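Please open the structure in your viewer and keep the selection tool at hand.

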Amino acid sequence: MIGQITPLTGYLLVAALLFSIGLAGALTRRNAILVLIGIELMLNAANLNLIAFWRYGPHPELLTGMIFAIFSIAVAAAEAAVGLGLVIQIHRHARTTDLDAINRMKG
Amino acid sequence: MIARPLIETSDQVFVLLKEWLVGFLPASWQPAAGVVLCVAAIVGLFPVLFALTTVLERKGLGRIQNRIGPNRVGPLGLLQPLADGIKSLTKEDIVPASADRVVHFLAPLVLVVAVFMGFAVVPMGRNMVLVDVDAGLLFYFAMGTSTELAIFMAGWSSRNKYSLLGAMRAVAQMISYEVALLLSSVVVVMMAGSLSLTKIVAAQNQYTWGLPHWYIFTPWGLAGFLMYAIATTAETNRSPFDLPEGESELVAGYHTEYSGFKFALFFLGEYLAMFSISGLGATLFLGGWSAPFSFLTWIPSWIWFFSKLMLSIFVFIWLRGTLPRLRQDQLMNFAWKFVLPMTLLNLLVAALWRFLGEGWERWVFCTVILVVAYVVMGRMEMRREHFGPRSYRYAE
Amino acid sequence: MQEAISFTPQLAASFIAEILWLIPALPVAAAAVTALLGRSRRRTSATLAIGALSFSLLLSLVAFAHVVSGWAHEAAVRETVNFTWMQVGTPSGAGHVELGWVLDPLSAVMLVMVSFVSLVIFIYSIGYMAHDGNYTRFFCFLSLFAGAMLGVVAANSLLLLFICWELVGLTSYLLIGFWYERPAAAAAAKKAFLTTRVGDVFFLLGMVWLFAQTGTLLFYNHGAGAIEPTALAGLLVAPAALGLTAAGAIGLLIFAGAAGKSGQFPLHVWLPDAMEGPTPVSALIHAATMVAAGVFLIARVYPLMAAGAPLLATRVLTQAGTLAGGTTTALTVITWVGAFTAVFAALIAVAQNDIKRILAYSTISQLGYMMAGLGMGGVAVGLFHLMTHAFFKALLFMGAGSVIHGCHGEQDVRRMGGLRSVMPLTFLTYAMGMLALCGFPLLFSGFWSKDGILEAAEHWSVAKTPFYMLVFGALLTAFYMTRQVSYVFFGHRRGHKPAQESPAVMTLPLGILAFFAMALGLIGTPAWPWFRAFLENRAAGFTWRGFMEPGLLTLMATSTAVVFLGLWLGWRLYGGLAPRPEEPDILEKAAPWAWAGLRGRLYVDEFYGVTVVAFYRWWARVADWLDRRLWGGAVAGVAWLFGQWAGLSRFLDTNVVDGSFDKGCEELSVGGGLLARVQTGRVQTYLRILALAVAALAAILIWSSRS
Amino acid sequence: MSLIFYLLAALTVAGALAAMLLKNTVHCALALTVAFAGLALLFLNLDAQFAGFAQILVYIGAVAILVVFAILLTRGSETPQGGVFSRSWLAGLTAAAAVFAVFAWAVAASAPRLPRAAAPATAATPASTVSPAPAVTVEQIGRALTGRYVLPLEIVAVLLTVALIGAVIVAMHEKVEAK
C-alpha cells in the first residue's frame, strides 16, 4: 500500500488527517477558542490540498491552486479575526467561553 | 589607482575564501558545506558584533549622560562584554517554581533562531547572501513576526504579572508597528518590482553624475525610510518605544524571570534583531552594499554594508540616550493614527511618482503632498489630544 | 379721418411680452403665500399683496409704454406668446389646446387700468378693514381676485380667459361672502355665484363650439387665431339654427356669459345683493374689474361679434366703422339688451335708499351703456366708457365706504345728511365722482365717454330707439345721483351717532381717483380722440375740427341739457328737505304704485323666486321622493340580500374554514415543538450534523462516480 | 515518497493533535503554531515558496498571536477544572472519524486515477520521482493576482477591510461600559 503511494496521495491523506483532527477538535473541545482553532486547522488542510493539486496537477503554470490557497489564507485570517472578536464579546457577555454553558438559543 | 583584480578580490574576499575552503570536500557535499559555512560565519560574526555593540552603547550612553562608562576590564573597558558573557554563563539558571518549564525553556531559543533566520536573505555584500530567495522580503518578515511568539512564550510561561504585562505590551506594540513596517517597505517593492533583496540592491546600485539611485533620495523613499526607522525602533523595543521593558513600570518586562544564559540569549536576540532590521533598512533604502559615490566603488561592498549597519546602530544608541519613554496609549495612537495613514499615503505617492514619469513635476508634487499631509495630520493629532491623557478604552 | 395702420404681426415677441405672464402671476403668488400665513401676520399680508400688485402695475406700465411707442412709430403692436397645453381630438383630427397671452393696445390699456384701480383699492382697504379679524384672509382673496382679473385681461386664449374668468367668479363668491357669518352675505355670495354660472354655461358652450369649428381657441396666432379673418370666414359660412351663422350663434352664447358677469338685464339680480361684501370689494367688483370683465370679453372677441357685417374687412382690421352703420345679429342683441338694462336699472336706482344699492344699480345701468356702446360704436366707444366709469365708480364706492365708515356702518341715506361739513374731503371727492357719473359737461370724463356712446347711438343704422332710451337713462342718472348726494351730504344731520372724517389712508385714494375722474376725459374728446385712435391704431391728431363734425355740437348740447335737467329736478325735489325714514318719499306720494314697483326692483327677484327657484324646489322635492322611495328601496333591498349572503358566509367561516384552520395551526405548533427539541442551542451539535451530512454527501458522490 | 515529507507530515500532524488534545489552552495555541509551521514547510516542500511564507506570516505572525490574545482576554490561560472536552465528545469523535474515513476512502479509491506527476508514471519511472518543480516567480504570482484574478483580489481586499472594522466594532467596549 505505502509502496505505491504517490506524492499527491500522501499529501491528500495528510490533508484529510489534518482536517479530521481539526474537525474532531471543533466537535469535542469546550472552549470556543479551541473550536476556532480546529476550524483554522480544517482550512489549512484545505489549503494543503489546493497546493498539492496545484503542484501535481496538469497545469501548474496557471497557478490556480496556489492563488486559491493564498486567497483562502487571507479569508481565514479575516475569519479568525471576526471569530475571536465574537468570542471575546461572548465572554464579556456570558463570562465564559464554555460552549456547553452557552446554549441560550435552544428552541 | 588600484588595479582592478585587487579590487575584485578585496570585494569578493569572503566568497573566494568560502569556495577555497569548500574545495577540499567532495563535490557532492559542496553545496551543503557551503551553506553550513555561511551559517557558521553568520552565527559567529554577529555575536561578536553584538559584544562590540554593547560596549559601544554603554560608552556612548555614558558620554551622553556625562559619565565615563565601562572602563575597568581591559583597555578602555573593551573587554567588558567578555566579562559579562562569562558572568552570564556561570550564573545559576533560575526557573520560577510555578513557571511552565518547557515553554520557559523554549522561548529564548525560538527567539534567537527566528532572528538568525532573518539574516539568511539579507545581502551583506556583492554575491554575499546566504540564500537568494525570490520572495526574500516576505521571508524576512515571516521570520520577524515569529519573534513575537517567542516573546509571548517568555512572558506567559514565567507566571509573573510583570512578565506577562511586558509581553503583552511588546506583542501589541510589535503587531501595531509591524503593519507600518511592511507598508513602508512595500513602497520599495513597488519601485524595484521585486521581493528579492538582491534585486532591490541591484536596482539601487546605479549612478548618475556619480550619485547613487538610493531610494532614500526620493520623496517617497525618504518618507518611507523615516516611517521604517520609527517602526523598527518600535519593533526592536528600543527607546523611546521600550515600554515592554520599562524598568520604572515593569521590572524588566518579559524577561524579568530570566537569568543567566537564557537572559543572555534574550539580550543577544534583541541586538541581533536590531542588526538584521538595520541591515534590511540599509538594503531597502540605503542601497545595501552599494557605495554612496561612484568614485568610491573600489571600497569593498561588505565594508559599505557594515558601515551603514553600524551607522544605524549608532543612531539607535543616540535615540536611546536622548528621548524619553512614551506611554502605551500614546504609542498605539501614534502607530494607528499617524504612522499607518502616512505609510498608506506614501503608497499612493509612490504610485503617483511611478505614473508621472521622468521630469521635475513628480518631485514637486510628491514632496508637496507628503509635507502637507505630515503637517496637517500632525496638527490634527495634536489638537485631538490623541497623544494626550491616557484612555483605558482598549485596555481590558 | 386718415387710413389705419394695419397690425404688423410680430413673429418674435419682445421681452416685455415674454414676461407679460408675470403681471397676473405676481398677485396670485402673493395670494398663495398669504394663504400660508397665520392670522396674526396682518402687516405681512398687506405688504405682500400691495407689493406684488405694485410690481404688476409697474410691468403693466412698461408694457403700455412699449405698445405706445410701437404705435407712435406706426408699427402697431400685437405680440402673442402661445404654448400648447394639451393634445385633444377634434373633428378635424388631433388638435392642440393652446394657451398664451397677448400684448396689444386693448390688453395694455386694461392691464394698466385694472392694476392701478385695484392698487388704489388695496391701499384703501388697509384703512377700511383695519378692525377686521380676518385681515389676512381678506388680502389673500383680494390678491387672488386681482391676479385672476389681470389674467382675464392678458389672456390670448379663450380657454385661459375662461379659466381666469371662473377664478374671478370664485373669488367674487369668496369676497362677497367674506362676512359669511351674516346670512345675507352668504346668500348674496351664493346668488352671485349661481347667477354668473348661468351665463358661464352658455359661455362654455360657445367656447366649445368655437373650438369645434376652428380647432383653436387662440385669439391671435399670426393669422391662424380664432378671431382672425381666415377663421372668421370659415365661421361665417358654417350655418347654425334660426338662420344664424355659427359666428353669430357663438357670439350670442359668449355674450350670455358676458351678460352674466356684467349684470345685464336678465342676470343682473346678483349685483345689488353683492353689496353685502365689504365696501372695497364692492368697489373692486362693481367698478373696476369683475363687471368690466364682461364688457372686456365682448371687446376682446369683437371681431367675432362683428363678423359678417358690411365692411367686415375694415371692421376686423380697424375695429372702427362706427359711422359705417353695418351691424350683425349679435351686435344688435347686445345693443338692445344694453340699452334696456341702462334704463331699467336707472329706474330702479331712483327708488333705493341704501347708499350702496343706489350705486350698484347705477353700475348696472352704466354697464348697459357700455354694452350699448360696444354694440353700436365699436370697441373704442365701449372701452372708453369702461375706463372712465372704472375710475369714477370706484371713487363713488370708496366715498360711500368712507361715508359708511364715518357713520359707523349706517347705510340708509335717509339717516345721514349734513355730512358736507363733517367729512369735507369725502364730500368733495364724492361730488366729483357724482358729477362725472352724471356726465357734467366738459370738465368731467363721464361726459365725453357718454357722449361717445350717444353719438354712436345717434348714428346707429338699425333704429333710433336706443338713442332715446340712453338719453332718458342719462336724465335718470343725473336725477338719482342728485337725490343721493343731497340726502347724504346736505340738509341737517339725521343720524344718531356723530360722524367723523375717515383716515388719510382712505381719503388719499379718493383724491387720486377724483383727479383721474376728471382728467381721464381729456384723452377722449372729439377734438383729440387719443384713446380711440390708440385702440384702433390710427394716428391721433389734435384738431378743433373734431367738434365740427355734423350734429356733434347739437348732440353735446342735448346731453348737457338733459344732465342739467336731471340735476335741477333732483335738487328741486330733494334739495334741503329732511325726510324721516318712516314718512313716504315725495315721489311715493305722487305715484305710489310706480314707486312701490321701483322699490321692489320691479319684482325681478320675486319673479325668479316664483319661477326658477320654485321650480327647483319642486324638482328637488321630486328628486328627494325618488331617492327615498325608489332608489332608497332598491338599495335597501340589495343591502338586505348582501346581509343574508354575509350571514351565510359567516356561518361557513366559523364552522368550516376556521375549524380546519385552527386544527392546522395546532398541528403546526405541535410539530414546531417537536422540531424545537432538535434545536439544542449547542453549536457543536449542529456542527456534528453538518459534518455527518458532508461525509454522507461525499460518500454518495464518490460511490456514484466510481468505476 | 521522500523522507522529508514524512518528517514534515509527522510534525504537522503531531502539532495538530497536540493542539486539539492538550489541556492548557495556551499550549494548544503554541502547538497550533507548530502545526502551522509544519504546513508552511510542507508548502515549501511543494515548491510553493510564496504560499509558505505567506502561511508563516499570516498564521504564525498574526493568527496565532490573535488566538493567544483572545485566550488571555477570556481568562482561558489556566487549565479549567472540569474536563476540556464537551459532554458529547464521543459523538463528535465518531463524526470526525466518519469524515476521515470517507475522505481516506475517497483518496484511496481515486489514487490510481490521480495525476501522479507532471509526467505520467510508468513502470520505468517509479511514481515517487518528484516531477520537475514549476518555476514560479513572485512576479508571475503578482501578474496573476493583478491580471486573471484581479476581481477576487479586490473582493478579498474588501472582505478584509470589512472584517477588520467588524472585529474592532465587535470586540470594542462601549464607552459607557468602559467608564
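**Stop 1: a pair of helices in chain D**

Select helix 2 (residues 25–45) of chain D together with helix 3 (residues 49–73) of chain D; the two pack at an angle of about 175°, with their axes 8 Å apart. Angles over 145 degrees count as roughly antiparallel, and helix 2 of chain D and helix 3 of chain D are therefore roughly antiparallel to each other. Next, display the side chains in the contact: helix 2 of chain D contributes residues including D:Ala29, D:Phe36 and D:Phe43, while helix 3 of chain D contributes residues including D:Ile56, D:Tyr59 and D:Val67. Sorted by class, this contact of helix 2 with helix 3 of chain D has 17 nonpolar, 5 polar and no charged residues. Please bear in mind throughout that the model is predicted.

**Stop 2: where chain A meets chain D**

Now show chain A beside chain D. Their contact takes 65 residues from chain A and 72 residues from chain D. On the side of chain A that touches chain D, helix 1 (7–28), helix 2 (32–56) and helix 3 (64–94) of chain A each supply at least two residues. Which of the helices of chain A gives the most to this side? Select helix 3 of chain A, which gives the most, with 20 residues. By class, the side of chain A that touches chain D has 43 nonpolar, 16 polar and 6 charged residues.

**Stop 3: where chain B meets chain D**

The contact between chain B and chain D takes 22 residues from chain B and 21 residues from chain D. Helix 5 (136–157) and helix 6 (161–192) of chain B are the elements that give two or more residues to the side of chain B that touches chain D. Helix 5 of chain B gives the most to that side, with 11 residues. The residues of this side of chain B divide into 16 nonpolar, 2 polar and 4 charged.

**Stop 4: a helix of chain B**

Remain with chain B and select helix 9 (residues 260–285), which has 26 residues. From its first C-alpha to its last, helix 9 of chain B reaches 37 Å, close to the 38 Å expected. Is helix 9 of chain B mostly covered or mostly exposed? Helix 9 of chain B is mostly covered, with 21 of its 26 residues buried. Just after helix 9 of chain B, select B:Gly287, which takes a positive phi of about 70°.

**Stop 5: the nonpolar cores**

Finally, turn to chain C and select C:Val152, C:Ile298, C:Leu470 and C:Ala517, which touch the most other members of the largest nonpolar core, a set of 223 residues. Helix 17 (residues 379–406) of chain C provides the largest share of this core, 17 residues. Apart from this core lies another, of 203 residues, among them B:Val110, B:Ala231, B:Leu286 and D:Ala163.

Conventions. Residues are numbered from 1 along each chain as its sequence is written. Chains are lettered from A and ligands numbered from 1 in the order in which they are written. This is a predicted model: local features need pLDDT of at least 70, side-chain atom pairs count only at pLDDT 80 or more; totals for chains, interfaces and linings use all residues. Helices (H or I, at least four residues) and strands (E, at least two) are DSSP runs, numbered from the N terminus. The expected span of a helix is 1.5 Å times one less than its number of residues. A residue is buried if 20 or more other C-beta atoms lie within 10 Å of its own, exposed if 12 or fewer, and partly exposed in between; C-beta atoms are placed from the backbone. A nonpolar core is a set of buried Ala, Val, Leu, Ile, Met, Phe, Trp, Tyr and Cys residues joined through C-beta atoms within 7 Å. Axes are lines fitted to C-alpha atoms, for helices over the stretch in contact, and angles run from 0 to 180 degrees between N-to-C directions. Angles under 35 degrees count as roughly parallel, over 145 as roughly antiparallel, 65 to 115 as roughly perpendicular and the rest as oblique. Two residues are in contact if their C-beta atoms, placed from the backbone, lie within 7 Å. Ala, Val, Leu, Ile, Met, Phe, Trp, Tyr, Cys and Pro count as nonpolar, Asp, Glu, Lys and Arg as charged, and the others, Gly among them, as polar.
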